[in-house]
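Colleague: Could you walk me through a few features of this model, step by step? I am new to this.

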Amino acid sequence: MSAGPGARADGGAAARAGSGGQGGPDAATAVRRVPGPRDGAFLPRPLARLLAAGRRPPPDGSTTAHELAVRRRLLLALTALLTLSLFLSYEGVHGDAAPLRTSSAPAVLAIDTVLYALDAAQADATGAPPSLSGFQTQISVAVQTISVAAADEAGGPAARQAVQTIAGLITGYSNMVQKAQLQPERSMLRDAYLSYATGILKGDDSGIEARLKALRIQQLAAVKRQTSFGPLMWLGWTASTLLVLALGAALVETQLFLRHRFRRRYNRRLIAAGALLTAGFATLLLFTVWTHQGMADTRTLLDGAPPGPGIPRVGQDAAAHLAHTGFRAAAAVWIVIGGVLLMALAETGLRQHINDYRFRPR
């Protein structure tokens with residue numbers, strides 16, 4: 001008596017199941033695609049649900065392809081966010097180092113030099129006997145030095161206009177003193193010229209010295225803005241640090257997942273991505289600490305009012321504090337390059353496994 005079609009179907013299924021241990025690659029693939037009890041145990045469920053956009057795996061099929069896609073999206077998203085956050089945070093600190101070194105700090109020191117030169121010029125003009133050659137030398141120093149403050153861009157148009165006004169007043173002051181020197185000693189006209197020159201130099205609100213001191217306060221305010229590490233900077237670097245930790249944890253979790261699922265001990269590309277992430281962030285953080293410390297030390301130097309002979313020494317110390325900031329600021333472009341490399345390593349590290357599950361046998 002022949003068996004019915006149901007019996008033949010059951011027998012064929014049993015035969016196929018019994019030959020699974022010695023079958024071809026299809027049987028091995030089918031066994032590997034059966035979800036185990038620990039599938040999805042590595043990735044947090046809320047994060048997996050957030051990133052698992054698109055078609056869900058069938059309930060009776062393998063979840064490996066789906067979980068690989070989730071981890072791929074996670075690594076790429078975290079890398080993109082980290083690159084953006086780290087670039088903005090790094091530029092926020094290092095972007096002001098070059099203007100401070102080349103413009104703001106020299107402008108403050110130039111104002112100090114002009115003040116010292118004008119004091120010396122006034123002493124030569126009113127001394128007994130007066131020294132016309134010494135006066136001319138100090139005025140030349142003041143005129144040449146004030147042009148350095150005029151080149152500063154941090155103060156804006158108002159600061160440049162103030163410098164031009166001060167330069168004009170210095171010329172007027174010099175002319176009054178020269179006219180006084182042409183008059184006989186102890187003459188009323190000579191005393192009048194000197195009194196008028198002194199008023200130009202030391203007037204309460206509109207004098208040269210008062211304008212220079214007000215300009216110095218403005219320049220120091222610009223230096224403070226450039227050297228400050230405000231709430232936005234703290235927020236940016238805190239976010240970058242958290243993203244680094246999150247990306248590092250995701251790389252470790254993905255490595256453990258691949259090791260458990262595919263029985264492969266190491267994924268070289270993921271390990272290279274982790275090494276690049278650690279070394280790169282440590283280097284950028286160290287560069288930022290050095291640059292910010294140098295800027296803070298420069299600000300401390302400029303806040304004090306150094307004596308005239310000590311101004312060149314202060315300038316040398318400020319230059320030493322800000323040395324190599326240009327090189328460190330240029331490292332910002334490597335943040336973008338490093339982000340692209342991290343994405344490439346994450347993509348290639350998972351692409352081979354994703355491709356294995358792209359075409360599944362029916």
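Colleague: Is Pro129 buried or exposed?
Modeller: This is a predicted model, where local features need pLDDT of at least 70, side-chain atom pairs count only at pLDDT 80 or more, and totals for chains, interfaces and linings use all residues. Residues are numbered from 1 along each chain as its sequence is written, and side-chain values use heavy atoms, leaving out hydrogens and water. Pro129 sits in the loop between α5 (97–126) and α6 (132–150). Buried means under 20% relative accessible area, exposed over 50%, and partly exposed in between (1.4 Å probe, protein chains only), so with 68% Pro129 is exposed.

Colleague: And Val333, which class does that residue belong to?
Modeller: Val333 is found in helix α14; helices here are DSSP runs (H or I, at least four residues), numbered from the N terminus. Its relative accessible area is 46%, so Val333 is partly exposed.

Colleague: How are α4 and α11 arranged, roughly parallel or roughly antiparallel?
Modeller: Happy to show you! The axes, lines fitted to C-alpha atoms over the stretch in contact, with angles from 0 to 180 degrees between N-to-C directions, come within 10 Å for helix α4 (residues 64–94) and helix α11 (residues 268–303) and cross at roughly 15°. Angles under 35 degrees count as roughly parallel, over 145 as roughly antiparallel, 65 to 115 as roughly perpendicular and the rest as oblique, so α4 and α11 are roughly parallel.

Colleague: What separates the C-alpha atoms of Pro129 and Glu185?
Modeller: Along the chain, Pro129 and Glu185 are 56 residues apart.

Conventions:
Helix = DSSP H or I, 4+ residues; strand = E, 2+ residues; numbered from the N terminus.
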